Every structure is written in structure tokens, then in C-alpha cells.
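Visitor: I would like to learn how to read the features of a model like this one. Please show it first.

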Amino acid sequence: MKTTPLCLITIIAEAILKERIITAIRDAGSRGHTITDAQGEGSRQRRVGEIFGENFRLETIVSQEVADRILHVLSTDYFDRYAVVAYLSTVNVIRGEKYV
Amino acid sequence: MKTTPLCLITIIAEAILKERIITAIRDAGSRGHTITDAQGEGSRQRRVGEIFGENFRLETIVSQEVADRILHVLSTDYFDRYAVVAYLSTVNVIRGEKYV
Amino acid sequence: MKTTPLCLITIIAEAILKERIITAIRDAGSRGHTITDAQGEGSRQRRVGEIFGENFRLETIVSQEVADRILHVLSTDYFDRYAVVAYLSTVNVIRGEKYV
């Protein structure tokens with residue numbers, strides 16, 4: 001079975017940021033995403049154990065180039081001000097050509 | 001801590017396909033799965049930005065052999081007709097012998 | 001974009017265990033987690049196809065040392081008695097220093 005190695009970016013953030021982050025990843029070149037509702041609790045910069053309540057968990061499969069752009073935007077525009085978690089992994093995707 | 005490297009297959013598809021896909025992965029040899037409700041938006045073949053609404057996100061941990069069978073079935077029976085995302089990664093599982 | 005390789009632990013278990021497992025991973029050194037509601041079906045030890053109903057899916061990003069402690073606790077205190085799935089993967093995290 002032919003699969004294509006691509007970047008999976010997972011973003012977890014406060015529900016209030018959902019539309020803005022969707023727009024940001026689209027502008028960076030993401031062509032699709034999946035969202036699930038989530039609850040989170042985490043350390044935000046200096047404070048540990050801060051509850052940040054209703055969150056969303058977004059996944060998008062993209063090329064390395066688009067991944068770099070998304071991580072850059074998140075880091076520049078969101079990480080200093082909001083409780084955002086973002087991580088990257090490599091996955092092998094069926095019909096990977098749809099995503100790039 | 002002893003862990004076993006196994007295949008994690010993640011499938012995202014329209015809610016209406018849930019029972020059929022569960023049956024398909026069971027027939028292919030999957031012995032368990034986890035499902036979360038999801039919302040998705042993606043490119044389906046030629047169209048970008050098509051909304052496909054209520055989705056599910058299914059995860060199953062399987063051997064390489066079962067993974068190949070699942071990816072083959074999805075590719076053959078679903079990918080041409082439905083908005084399905086499927087990707088494979090390797091994870092290290094506690095008590096991996098339960099899954100194979 | 002600078003990212004840090006860290007351990008992502010995913011735990012899927014019966015909803016009734018949620019508070020106990022959150023306490024256990026915190027005690028092991030986890031500084032944050034994300035939870036989504038899930039439905040699961042799996043083999044629990046000898047029985048295949050046992051339905052175990054309402055579950056949760058927890059993710060936490062931790063150092064290797066904390067990951068080892070969490071897997072040890074799960075293995076010792078939960079795996080013999082409960083339908084728990086736990087797996088480990090490596091992800092590249094933005095602002096990874098927050099998690100360790």
C-alpha cells in the first residue's frame with residue numbers, strides 16, 4: 001500500500017481562538033483539518049496547573065513547508081499571549097497527494 | 001518499561017460511514033478501536049474547502065500486516081467515493097501483545 | 001522553527017478512572033494534559049470484542065523520565081484490572097521547555 005510521509009500538526013488551544021487559528025492555518029496553506037472538542041489543563045509560561053477550560057484539538061496534514069509556516073505563525077502571534085500547545089509528527093498518509 | 005512498537009492507524013470519515021468502517025477494520029483483523037466525534041473540513045479530490053460536517057475519528061492499534069489490510073480496504077472501497085482521511089504512524093504500546 | 005523532541009503519551013480508559021489517572025500522571029510529573037471524550041471497544045486481556053462504553057482519551061507531553069514513570073504506574077496499578085490503552089510516541093513541540 002503506497003503511503004506518503006507528511007507532517008501532522010496538532011494544535012490545542014482555547015475554544016475562543018478556533019476561528020482565528022483555522023484562518024491562520026488556511027492562510028499558511030493547509031487544505032483541510034479535523035477538530036475535536038477537548039478539555040485541557042496546563043502550564044502557561046510561568047504558572048503551573050492553571051485551568052484553561054474548554055479547548056479544541058485541531059489536526060492538519062501538510063507538507064514540511066506549510067508546517068514550518070504554521071509553526072512560525074503560531075509561535076509569533078499566539079504563544080506569548082495564549083495557552084496554545086502545538087506539536088509536529090510525521091505520519092504516512094494514504095493518497096498523500098491530496099494534501100500538498 | 002517494556003513497550004512494543006505497533007502501527008497506529010487513524011481514520012477520519014463522515015459519521016454515516018462509522019458502522020461500515022468499524023466492520024471493515026474488524027474483518028481486517030483489528031481487535032479494538034477508539035472513536036471520538038469530530039468536525040472536518042477538507043479537500044476531497046479536486047475540490048478544496050468542501051465542508052463535510054459531522055465526522056468521526058477512529059484509532060486502532062494493529063500489527064503491520066493488519067495495517068496493510070486496513071489501508072488496502074480503505075483505499076479500494078472508500079477513497080474514490082468518500083471524504084476519508086487515513087494515516088499510519090508507529091507507536092510504542094504497553095502490553096502490546098493484546099493487540100496482535 | 002525551533003522545536004523540541006518530547007514524549008507524547010496517549011491513554012484511553014473508562015471514564016470512571018479519569019480523576020485517578022489525572023492524579024497519577026500529575027504525581028509522576030506531568031505538567032499538563034488534554035482530554036477528549038471517546039467511545040471504545042477492545043480486547044481486555046482474554047476477551048475480544050468486549051464493549052467498554054464511555055471512555056476518555058488523555059494526551060500529555062512529557063520528558064522521557066516522566067514518561068517512564070507514567071508507564072510504570074499505569075502498568076503496575078491499572079493494566080491488570082482495567083481496560084486501559086497506553087502508548088508513547090515522539091513529537092516535536094513548539095516551546096518544549098514549558099513541558100519539562
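Visitor: Which residue is the bridge partner of Val93(A) in β4(B)?

Guide: In β4(B), Val93(A) has Tyr87(B) as its bridge partner. The strands β4(A) and β4(B) pair in the antiparallel sense over 2 bridges; strands pair if DSSP finds at least two bridges between them. Strands (E, at least two residues) and helices (H or I, at least four residues) are DSSP runs, numbered from the N terminus. This is a predicted model, in which local features need pLDDT of at least 70 and side-chain atom pairs count only at pLDDT 80 or more, while totals for chains, interfaces and linings use all residues. Residues are numbered from 1 along each chain as its sequence is written, and chains are lettered from A and ligands numbered from 1 in the order in which they are written.

Visitor: How many residues does the contact take from chain A and from chain B?

Guide: Two residues are in contact if their C-beta atoms, placed from the backbone, lie within 7 Å. The contact takes 17 residues from chain A and 23 residues from chain B. On the side of chain A that touches chain B, β1 (3-14), β2 and β4 (85-94) of chain A give two or more residues each. β4(A) provides the largest share, 5 residues. By class, that side of chain A has 7 nonpolar, 7 polar and 3 charged residues. Here Ala, Val, Leu, Ile, Met, Phe, Trp, Tyr, Cys and Pro count as nonpolar, Asp, Glu, Lys and Arg as charged, and the others, Gly among them, as polar.

Visitor: Which strand of chain C do 2 bridges join to β4(B)?

Guide: Strand β4 (residues 85-94) of chain C, and the two run antiparallel. In β4(C), Tyr87(C) is the bridge partner of Val93(B). In total, 17 residues of chain B are in contact with 22 residues of chain C.

Visitor: How should I read the relation between copies?

Guide: Two copies of a chain are related by a rotation about an axis and a shift along it. Copies are superposed by least squares on the C-alpha atoms of residues with pLDDT of at least 70 in both. Chain B can be laid on chain C with an RMSD of 0.0 Å by a turn of 120° and a shift of 0.0 Å along the axis. That is the relation of a three-fold axis. Thr36(B) is the residue of chain B that comes closest to the rotation axis, at 4.3 Å (C-alpha).

Visitor: Why do the copies, chain A and chain B, meet through different surfaces?

Guide: Only 12% of the interface residues of chain A are also interface residues in chain B, so the surfaces differ.

Visitor: What does Asp37(A) touch?

Guide: Leaving out residues up to four places away in sequence, Asp37(A) touches Phe56(A) and Thr36(C). Asp37(A) lies in strand β2 (residues 33-44) of chain A. Asp37(A) counts as partly exposed because it has 16 C-beta neighbours inside 10 Å. A residue is buried if 20 or more other C-beta atoms, placed from the backbone, lie within 10 Å of its own, exposed if 12 or fewer, and partly exposed in between.

Visitor: Which residues of α2(C) are buried?

Guide: An α-helix has 3.6 residues a turn, so residues three or four places apart point the same way. In α2(C), the buried residues are Val66(C), Ala67(C), Ile70(C), Leu71(C) and Leu74(C). Down the axis of α2(C), they fall within an arc of 135°, so they line one face of the helix; the arc is that of the directions from the helix axis to the C-beta atoms. On the other side of α2(C), Glu65(C) and Thr76(C) are exposed.
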